[in-house]
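User: I am new to this structure and would like to understand the terms used to describe it. Please set each value against its definition.

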Amino acid sequence: MATTSTRNVVIPLGLAQTLAWASSYYLPALLAAPMARELGLPTAGVFAAFSLALVVSALAGPVAGGLIDRHGGRRVLMGTSGLFALGLLGVSQARGLASLMLAWAVVGVAMGAGLYEAAFATVVRLYGQGARHAITGITLMGGLASTVGWPLTAWLEHHVGWRGACAVWALLHGVLGLPLHACLPRTMARDAGVGPTPQEPATAAPTEPPRPAPAPSMSSPAWTSFLLAVVFAITWFISTAMAAHLPAMLQAAGASAGASVAVGALVGPAQVAGRLLEFSLPRRVHPLWPARLAALAHPLGAVVMLLVGPVAAPLFALLHGAGNGILTIAKGTLPLVLFGPGGYGARQGWLMLPARVTQALAPFAFGLVLDHLHERALWFTAGLGLLCCAALLALRAGRFNPA
(Lines give C-alpha, C1' and ligand atoms only; values in the text may rest on other atoms or scores of the structure.)
Protein backbone atom coordinates (compact mmCIF):
# COMPACT_ATOMS: atom_id res chain seq x y z
CA MET A 1 0.00 0.00 0.00
CA ALA A 2 2.91 2.33 0.44
CA THR A 3 3.16 2.54 -3.35
CA THR A 4 -0.43 3.72 -3.75
CA SER A 5 -0.58 7.50 -3.90
CA THR A 6 -3.32 8.99 -1.77
CA ARG A 7 -3.89 11.58 -4.45
CA ASN A 8 -4.51 8.89 -7.07
CA VAL A 9 -7.30 7.54 -4.87
CA VAL A 10 -8.82 10.78 -3.57
CA ILE A 11 -9.14 12.59 -6.92
CA PRO A 12 -11.05 9.83 -8.76
CA LEU A 13 -13.26 9.18 -5.73
CA GLY A 14 -13.92 12.90 -5.23
CA LEU A 15 -14.89 13.44 -8.86
CA ALA A 16 -17.08 10.34 -8.85
CA GLN A 17 -18.78 11.50 -5.65
CA THR A 18 -19.52 14.89 -7.22
CA LEU A 19 -21.19 13.12 -10.14
CA ALA A 20 -23.10 10.71 -7.90
CA TRP A 21 -24.48 13.37 -5.57
CA ALA A 22 -25.35 15.81 -8.36
CA SER A 23 -27.30 13.16 -10.29
CA SER A 24 -29.23 11.69 -7.35
CA TYR A 25 -29.54 13.65 -4.11
CA TYR A 26 -29.73 17.06 -5.79
CA LEU A 27 -31.86 16.04 -8.77
CA PRO A 28 -35.45 16.27 -7.40
CA ALA A 29 -35.08 19.87 -6.22
CA LEU A 30 -35.11 21.01 -9.87
CA LEU A 31 -36.85 18.17 -11.72
CA ALA A 32 -39.68 17.21 -9.34
CA ALA A 33 -42.04 19.91 -10.64
CA PRO A 34 -41.63 19.18 -14.40
CA MET A 35 -41.77 15.44 -13.69
CA ALA A 36 -45.03 15.87 -11.80
CA ARG A 37 -46.59 18.01 -14.54
CA GLU A 38 -45.84 15.60 -17.36
CA LEU A 39 -46.70 12.44 -15.45
CA GLY A 40 -49.91 13.89 -14.03
CA LEU A 41 -48.76 13.42 -10.44
CA PRO A 42 -48.66 15.70 -7.42
CA THR A 43 -45.18 16.96 -6.66
CA ALA A 44 -45.41 15.06 -3.38
CA GLY A 45 -45.69 11.85 -5.40
CA VAL A 46 -42.33 12.52 -7.08
CA PHE A 47 -40.75 13.24 -3.70
CA ALA A 48 -42.31 10.01 -2.41
CA ALA A 49 -40.42 8.11 -5.12
CA PHE A 50 -37.22 9.90 -4.04
CA SER A 51 -37.94 9.01 -0.42
CA LEU A 52 -38.28 5.38 -1.46
CA ALA A 53 -34.80 5.61 -2.97
CA LEU A 54 -33.46 6.87 0.36
CA VAL A 55 -35.11 4.01 2.27
CA VAL A 56 -33.65 1.49 -0.17
CA SER A 57 -30.24 3.15 0.23
CA ALA A 58 -30.49 2.68 4.00
CA LEU A 59 -31.01 -1.06 3.54
CA ALA A 60 -28.24 -1.36 0.95
CA GLY A 61 -25.64 0.50 3.03
CA PRO A 62 -24.67 -2.24 5.55
CA VAL A 63 -24.45 -4.86 2.79
CA ALA A 64 -22.24 -2.64 0.61
CA GLY A 65 -20.07 -1.73 3.60
CA GLY A 66 -19.51 -5.40 4.42
CA LEU A 67 -18.52 -6.13 0.82
CA ILE A 68 -16.00 -3.28 0.87
CA ASP A 69 -14.58 -4.56 4.16
CA ARG A 70 -13.97 -7.95 2.56
CA HIS A 71 -13.07 -7.09 -1.03
CA GLY A 72 -12.25 -3.38 -1.19
CA GLY A 73 -14.17 -0.63 -2.89
CA ARG A 74 -13.16 -0.84 -6.55
CA ARG A 75 -15.56 -3.54 -7.73
CA VAL A 76 -18.42 -2.32 -5.52
CA LEU A 77 -18.13 1.26 -6.76
CA MET A 78 -17.77 0.21 -10.39
CA GLY A 79 -21.03 -1.69 -9.93
CA THR A 80 -22.74 1.40 -8.58
CA SER A 81 -21.82 3.34 -11.72
CA GLY A 82 -23.84 0.82 -13.70
CA LEU A 83 -26.71 0.97 -11.22
CA PHE A 84 -26.79 4.77 -11.32
CA ALA A 85 -26.87 4.68 -15.12
CA LEU A 86 -29.60 2.02 -15.18
CA GLY A 87 -31.75 3.77 -12.58
CA LEU A 88 -31.48 7.22 -14.11
CA LEU A 89 -32.24 5.82 -17.55
CA GLY A 90 -35.32 4.22 -15.99
CA VAL A 91 -36.36 7.56 -14.49
CA SER A 92 -36.05 9.16 -17.92
CA GLN A 93 -38.45 6.56 -19.36
CA ALA A 94 -41.01 6.59 -16.51
CA ARG A 95 -44.66 6.73 -17.60
CA GLY A 96 -46.38 6.77 -14.22
CA LEU A 97 -45.88 6.51 -10.47
CA ALA A 98 -45.15 2.77 -10.46
CA SER A 99 -42.37 2.92 -13.06
CA LEU A 100 -40.99 6.09 -11.48
CA MET A 101 -40.76 4.45 -8.06
CA LEU A 102 -39.16 1.32 -9.51
CA ALA A 103 -36.50 3.40 -11.27
CA TRP A 104 -35.80 5.45 -8.14
CA ALA A 105 -35.50 2.21 -6.14
CA VAL A 106 -32.64 1.17 -8.45
CA VAL A 107 -31.05 4.59 -7.93
CA GLY A 108 -31.50 4.00 -4.19
CA VAL A 109 -29.42 0.82 -4.31
CA ALA A 110 -26.71 2.79 -6.11
CA MET A 111 -26.89 5.56 -3.49
CA GLY A 112 -26.60 3.12 -0.61
CA ALA A 113 -23.56 1.46 -2.17
CA GLY A 114 -21.96 4.43 -3.89
CA LEU A 115 -22.19 7.68 -1.91
CA TYR A 116 -19.92 9.00 0.84
CA GLU A 117 -20.15 6.03 3.21
CA ALA A 118 -18.85 3.67 0.52
CA ALA A 119 -16.08 6.10 -0.45
CA PHE A 120 -15.08 6.48 3.20
CA ALA A 121 -15.04 2.70 3.68
CA THR A 122 -12.86 2.37 0.57
CA VAL A 123 -10.14 4.71 1.85
CA VAL A 124 -10.30 3.25 5.37
CA ARG A 125 -9.83 -0.19 3.80
CA LEU A 126 -6.74 1.21 2.09
CA TYR A 127 -5.19 3.45 4.75
CA GLY A 128 -6.63 2.43 8.13
CA GLN A 129 -6.23 5.17 10.75
CA GLY A 130 -4.41 7.29 8.16
CA ALA A 131 -7.62 7.79 6.16
CA ARG A 132 -8.79 10.95 7.96
CA HIS A 133 -7.33 13.45 5.48
CA ALA A 134 -8.32 11.27 2.53
CA ILE A 135 -11.92 11.43 3.79
CA THR A 136 -11.66 15.21 4.00
CA GLY A 137 -10.22 15.42 0.49
CA ILE A 138 -13.10 13.40 -0.97
CA THR A 139 -15.69 15.60 0.73
CA LEU A 140 -13.90 18.75 -0.44
CA MET A 141 -14.58 17.75 -4.02
CA GLY A 142 -18.01 16.26 -3.38
CA GLY A 143 -19.10 19.46 -1.65
CA LEU A 144 -19.37 21.14 -5.04
CA ALA A 145 -22.06 18.71 -6.23
CA SER A 146 -24.90 21.20 -5.79
CA THR A 147 -22.86 24.09 -7.18
CA VAL A 148 -22.11 22.07 -10.33
CA GLY A 149 -25.19 19.88 -10.45
CA TRP A 150 -28.01 22.37 -10.03
CA PRO A 151 -26.93 24.74 -12.85
CA LEU A 152 -26.19 21.81 -15.18
CA THR A 153 -29.50 20.11 -14.41
CA ALA A 154 -31.37 23.40 -14.93
CA TRP A 155 -29.58 23.95 -18.27
CA LEU A 156 -30.33 20.40 -19.41
CA GLU A 157 -33.98 20.61 -18.37
CA HIS A 158 -34.36 23.87 -20.30
CA HIS A 159 -32.81 22.47 -23.49
CA VAL A 160 -33.74 18.75 -23.54
CA GLY A 161 -36.43 18.45 -20.86
CA TRP A 162 -36.34 16.48 -17.63
CA ARG A 163 -36.22 13.14 -19.45
CA GLY A 164 -33.21 14.24 -21.47
CA ALA A 165 -31.54 15.58 -18.34
CA CYS A 166 -31.86 12.23 -16.57
CA ALA A 167 -30.58 10.41 -19.66
CA VAL A 168 -27.53 12.67 -19.87
CA TRP A 169 -26.73 12.04 -16.20
CA ALA A 170 -27.06 8.30 -16.85
CA LEU A 171 -24.62 8.59 -19.77
CA LEU A 172 -22.13 10.48 -17.59
CA HIS A 173 -22.07 7.61 -15.11
CA GLY A 174 -21.07 5.30 -17.95
CA VAL A 175 -18.46 7.47 -19.66
CA LEU A 176 -17.08 9.26 -16.58
CA GLY A 177 -18.09 7.55 -13.34
CA LEU A 178 -17.16 4.00 -14.38
CA PRO A 179 -13.63 4.91 -15.59
CA LEU A 180 -13.02 6.96 -12.43
CA HIS A 181 -13.91 4.01 -10.23
CA ALA A 182 -11.83 1.70 -12.44
CA CYS A 183 -8.81 3.89 -11.58
CA LEU A 184 -8.94 2.73 -7.96
CA PRO A 185 -6.22 0.25 -6.94
CA ARG A 186 -6.95 -3.45 -7.36
CA THR A 187 -4.75 -4.58 -4.47
CA MET A 188 -6.21 -4.11 -1.01
CA ALA A 189 -4.74 -4.47 2.46
CA ARG A 190 -4.00 -8.05 3.47
CA ASP A 191 -5.88 -8.15 6.75
CA ALA A 192 -9.60 -7.97 7.42
CA GLY A 193 -10.39 -4.42 6.52
CA VAL A 194 -7.30 -2.61 7.79
CA GLY A 195 -4.53 -1.12 5.71
CA PRO A 196 -1.32 0.40 7.02
CA THR A 197 -1.04 4.14 7.02
CA PRO A 198 1.16 5.68 4.32
CA GLN A 199 3.85 6.35 6.94
CA GLU A 200 4.06 2.72 8.07
CA PRO A 201 5.75 -0.19 6.30
CA ALA A 202 3.30 -2.74 4.97
CA THR A 203 4.59 -5.38 7.37
CA ALA A 204 3.71 -3.24 10.37
CA ALA A 205 -0.08 -3.47 9.94
CA PRO A 206 -1.44 -5.45 12.91
CA THR A 207 -3.94 -8.22 12.31
CA GLU A 208 -6.28 -6.71 14.88
CA PRO A 209 -5.92 -2.92 15.29
CA PRO A 210 -5.85 -1.45 18.77
CA ARG A 211 -9.20 0.00 19.79
CA PRO A 212 -9.77 3.10 21.89
CA ALA A 213 -9.92 2.37 25.59
CA PRO A 214 -13.43 3.21 26.83
CA ALA A 215 -13.93 5.54 29.76
CA PRO A 216 -15.34 3.96 32.90
CA SER A 217 -18.84 5.33 32.37
CA MET A 218 -21.17 6.44 29.57
CA SER A 219 -18.65 5.25 26.98
CA SER A 220 -19.56 1.70 26.07
CA PRO A 221 -19.51 0.78 22.38
CA ALA A 222 -23.32 0.51 22.41
CA TRP A 223 -23.72 3.98 23.94
CA THR A 224 -21.20 5.48 21.54
CA SER A 225 -22.96 3.85 18.59
CA PHE A 226 -26.33 5.16 19.77
CA LEU A 227 -25.07 8.72 20.11
CA LEU A 228 -23.36 8.61 16.72
CA ALA A 229 -26.54 7.27 15.12
CA VAL A 230 -28.50 10.16 16.69
CA VAL A 231 -25.97 12.71 15.43
CA PHE A 232 -25.98 11.31 11.91
CA ALA A 233 -29.79 11.05 11.80
CA ILE A 234 -30.25 14.68 12.85
CA THR A 235 -27.51 15.92 10.53
CA TRP A 236 -29.00 14.14 7.51
CA PHE A 237 -32.51 15.33 8.34
CA ILE A 238 -31.45 18.98 8.46
CA SER A 239 -29.23 18.69 5.40
CA THR A 240 -31.91 17.02 3.29
CA ALA A 241 -34.66 19.35 4.49
CA MET A 242 -32.59 22.38 3.48
CA ALA A 243 -31.59 20.82 0.14
CA ALA A 244 -35.23 20.20 -0.74
CA HIS A 245 -36.86 23.33 0.68
CA LEU A 246 -34.27 26.09 1.16
CA PRO A 247 -35.47 28.30 -1.74
CA ALA A 248 -39.12 27.96 -0.67
CA MET A 249 -38.26 28.65 2.97
CA LEU A 250 -36.32 31.79 2.06
CA GLN A 251 -39.24 33.02 -0.03
CA ALA A 252 -41.55 32.37 2.91
CA ALA A 253 -39.23 34.58 4.96
CA GLY A 254 -39.69 37.40 2.44
CA ALA A 255 -36.82 36.94 -0.03
CA SER A 256 -37.49 37.14 -3.76
CA ALA A 257 -37.28 34.05 -5.97
CA GLY A 258 -34.05 35.26 -7.56
CA ALA A 259 -32.48 36.11 -4.24
CA SER A 260 -33.48 32.71 -2.85
CA VAL A 261 -31.68 30.90 -5.65
CA ALA A 262 -28.62 33.12 -5.26
CA VAL A 263 -28.50 32.54 -1.51
CA GLY A 264 -28.96 28.80 -1.99
CA ALA A 265 -25.94 28.77 -4.31
CA LEU A 266 -23.80 29.89 -1.35
CA VAL A 267 -24.30 26.60 0.48
CA GLY A 268 -21.97 24.56 -1.76
CA PRO A 269 -18.96 26.92 -1.52
CA ALA A 270 -19.59 27.28 2.23
CA GLN A 271 -19.46 23.49 2.59
CA VAL A 272 -16.12 23.43 0.82
CA ALA A 273 -14.82 26.29 2.99
CA GLY A 274 -15.85 24.42 6.14
CA ARG A 275 -14.06 21.30 4.95
CA LEU A 276 -10.94 23.31 4.11
CA LEU A 277 -11.02 24.69 7.65
CA GLU A 278 -11.28 21.18 9.08
CA PHE A 279 -8.49 20.00 6.78
CA SER A 280 -6.22 22.80 8.00
CA LEU A 281 -6.59 21.87 11.67
CA PRO A 282 -3.58 20.19 13.29
CA ARG A 283 -3.77 16.41 13.21
CA ARG A 284 -3.66 16.29 17.00
CA VAL A 285 -7.08 18.01 17.23
CA HIS A 286 -9.70 15.36 17.96
CA PRO A 287 -12.47 15.47 15.31
CA LEU A 288 -15.10 15.69 18.05
CA TRP A 289 -14.21 19.34 18.67
CA PRO A 290 -14.81 20.73 15.15
CA ALA A 291 -17.93 18.55 14.94
CA ARG A 292 -19.35 20.07 18.13
CA LEU A 293 -18.76 23.60 16.88
CA ALA A 294 -20.17 22.73 13.45
CA ALA A 295 -23.38 21.44 15.03
CA LEU A 296 -23.97 24.94 16.42
CA ALA A 297 -23.61 26.66 13.04
CA HIS A 298 -27.11 25.91 11.70
CA PRO A 299 -28.93 26.90 14.94
CA LEU A 300 -26.89 30.12 15.15
CA GLY A 301 -27.63 31.08 11.54
CA ALA A 302 -31.31 30.20 11.92
CA VAL A 303 -31.76 32.33 15.05
CA VAL A 304 -30.02 35.31 13.44
CA MET A 305 -32.20 35.12 10.33
CA LEU A 306 -35.39 34.70 12.34
CA LEU A 307 -34.55 37.74 14.44
CA VAL A 308 -33.11 39.98 11.70
CA GLY A 309 -35.10 38.89 8.66
CA PRO A 310 -34.22 37.86 5.07
CA VAL A 311 -31.33 40.34 4.96
CA ALA A 312 -29.45 37.79 7.08
CA ALA A 313 -30.23 34.92 4.67
CA PRO A 314 -26.69 34.92 3.16
CA LEU A 315 -25.20 34.56 6.64
CA PHE A 316 -27.58 31.70 7.38
CA ALA A 317 -26.63 29.93 4.14
CA LEU A 318 -22.93 30.33 4.86
CA LEU A 319 -23.19 29.07 8.44
CA HIS A 320 -25.47 26.19 7.47
CA GLY A 321 -23.19 25.19 4.60
CA ALA A 322 -19.96 25.41 6.60
CA GLY A 323 -21.42 23.43 9.50
CA ASN A 324 -22.88 20.81 7.20
CA GLY A 325 -19.56 20.49 5.39
CA ILE A 326 -17.64 19.76 8.59
CA LEU A 327 -20.32 17.37 9.87
CA THR A 328 -20.11 15.42 6.61
CA ILE A 329 -16.44 14.78 7.38
CA ALA A 330 -17.38 13.81 10.94
CA LYS A 331 -19.62 11.05 9.57
CA GLY A 332 -16.49 9.42 8.21
CA THR A 333 -13.88 10.30 10.84
CA LEU A 334 -15.76 9.86 14.13
CA PRO A 335 -16.49 6.13 13.68
CA LEU A 336 -12.87 5.68 12.60
CA VAL A 337 -11.29 7.34 15.64
CA LEU A 338 -13.81 6.05 18.18
CA PHE A 339 -13.90 2.40 17.02
CA GLY A 340 -10.84 1.92 14.83
CA PRO A 341 -10.66 0.74 11.21
CA GLY A 342 -11.61 -2.92 11.74
CA GLY A 343 -15.02 -3.67 10.23
CA TYR A 344 -15.45 0.00 9.38
CA GLY A 345 -17.61 -0.43 6.27
CA ALA A 346 -20.28 -2.64 7.82
CA ARG A 347 -20.36 -0.56 11.02
CA GLN A 348 -20.72 2.62 8.98
CA GLY A 349 -23.62 1.10 7.09
CA TRP A 350 -25.48 0.26 10.30
CA LEU A 351 -24.72 3.62 11.93
CA MET A 352 -26.09 5.41 8.86
CA LEU A 353 -29.24 3.31 8.56
CA PRO A 354 -31.35 5.55 10.90
CA ALA A 355 -29.88 8.59 9.12
CA ARG A 356 -31.05 7.33 5.75
CA VAL A 357 -34.54 6.77 7.14
CA THR A 358 -34.74 10.30 8.58
CA GLN A 359 -33.31 11.56 5.31
CA ALA A 360 -36.13 9.83 3.46
CA LEU A 361 -38.71 11.46 5.74
CA ALA A 362 -37.12 14.91 5.67
CA PRO A 363 -38.54 16.36 2.42
CA PHE A 364 -42.12 15.39 3.34
CA ALA A 365 -41.89 16.06 7.10
CA PHE A 366 -40.17 19.42 6.83
CA GLY A 367 -42.53 20.36 4.01
CA LEU A 368 -45.46 19.89 6.41
CA VAL A 369 -43.72 21.96 9.07
CA LEU A 370 -42.96 24.65 6.50
CA ASP A 371 -46.59 24.74 5.34
CA HIS A 372 -47.80 25.32 8.91
CA LEU A 373 -45.05 27.52 10.37
CA HIS A 374 -43.59 29.18 7.24
CA GLU A 375 -40.18 30.71 8.02
CA ARG A 376 -40.64 29.84 11.71
CA ALA A 377 -39.99 26.24 10.69
CA LEU A 378 -36.35 27.19 11.25
CA TRP A 379 -37.00 27.05 15.00
CA PHE A 380 -37.65 23.34 14.51
CA THR A 381 -34.35 22.64 12.71
CA ALA A 382 -32.48 24.93 15.13
CA GLY A 383 -33.76 22.81 18.02
CA LEU A 384 -32.65 19.65 16.25
CA GLY A 385 -29.21 21.17 15.72
CA LEU A 386 -28.87 21.88 19.44
CA LEU A 387 -29.87 18.29 20.21
CA CYS A 388 -27.15 17.12 17.80
CA CYS A 389 -24.58 19.26 19.61
CA ALA A 390 -25.71 17.83 22.96
CA ALA A 391 -25.21 14.28 21.66
CA LEU A 392 -21.71 15.19 20.46
CA LEU A 393 -20.91 16.68 23.86
CA ALA A 394 -22.02 13.44 25.49
CA LEU A 395 -19.51 11.44 23.46
CA ARG A 396 -16.21 10.67 25.18
CA ALA A 397 -13.09 11.29 23.14
CA GLY A 398 -11.09 8.46 24.71
CA ARG A 399 -7.70 7.73 23.20
CA PHE A 400 -7.00 9.34 19.87
CA ASN A 401 -4.42 8.26 17.32
CA PRO A 402 -3.89 11.29 15.04
CA ALA A 403 -2.24 9.23 12.27
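User: Why is alanine 58 called buried?

Analyst: Alanine 58 has a relative accessible area of 2%, and buried means under 20% relative accessible area, exposed over 50%, and partly exposed in between (1.4 Å probe, protein chains only). Alanine 58 is therefore buried. This is a predicted model, in which local features need pLDDT of at least 70 and side-chain atom pairs count only at pLDDT 80 or more, while totals for chains, interfaces and linings use all residues. Residues are numbered from 1 along each chain as its sequence is written, and side-chain values use heavy atoms, with hydrogens and water left out.

User: Where is alanine 58 placed, and what is it in contact with beyond its neighbours in sequence?

Analyst: Alanine 58 belongs to helix α3 (residues 43-71). Helices are DSSP runs of H or I with at least four residues, strands are runs of E with at least two, and both are numbered from the N terminus. Setting aside neighbours within four places in sequence, alanine 58 is in contact with Leu353, Arg356 and Val357, where contact means heavy atoms within 4.5 Å.

User: What makes arginine 356 and glutamate 117 a salt bridge?

Analyst: A salt bridge is a side-chain nitrogen of Lys or Arg within 4 Å of a carboxyl oxygen of Asp or Glu. The closest N and O atoms of arginine 356 and glutamate 117 are 2.4 Å apart, and the pair forms a salt bridge. Arginine 356 is in helix α14 (residues 344-373) and glutamate 117 in helix α6, 239 residues apart. Both residues are buried.

User: How many salt bridges does a search of the whole structure find?

Analyst: The search finds two salt bridges. Glutamate 38 and arginine 163 also meet in a salt bridge, at 2.8 Å from N to O. This pair links helix α2 (residues 28-39), which holds glutamate 38, with helix α8 (residues 145-182), which holds arginine 163.

User: Why do glutamate 38 and arginine 163 fall into their accessibility classes?

Analyst: Glutamate 38 has 48% relative accessibility, so it counts as partly exposed. Arginine 163 has 18%, so it counts as buried.

User: How do you know that α1 and α6 are roughly antiparallel?

Analyst: The axes of helix α1 (residues 6-22) and helix α6 (residues 116-127) come within 10 Å and cross at roughly 170 degrees. Axes are lines fitted to C-alpha atoms, for helices over the stretch in contact, and angles run from 0 to 180 degrees between N-to-C directions. Angles under 35 degrees count as roughly parallel, over 145 as roughly antiparallel, 65 to 115 as roughly perpendicular and the rest as oblique. The two helices, α1 and α6, are therefore roughly antiparallel. Residues making the contact include Val9 and Leu13 of α1 and Ala119 and Val123 of α6.

User: How many helices and strands does the protein chain have?

Analyst: The protein chain has 15 helices and zero strands. Of its 403 residues, 57% count as buried.
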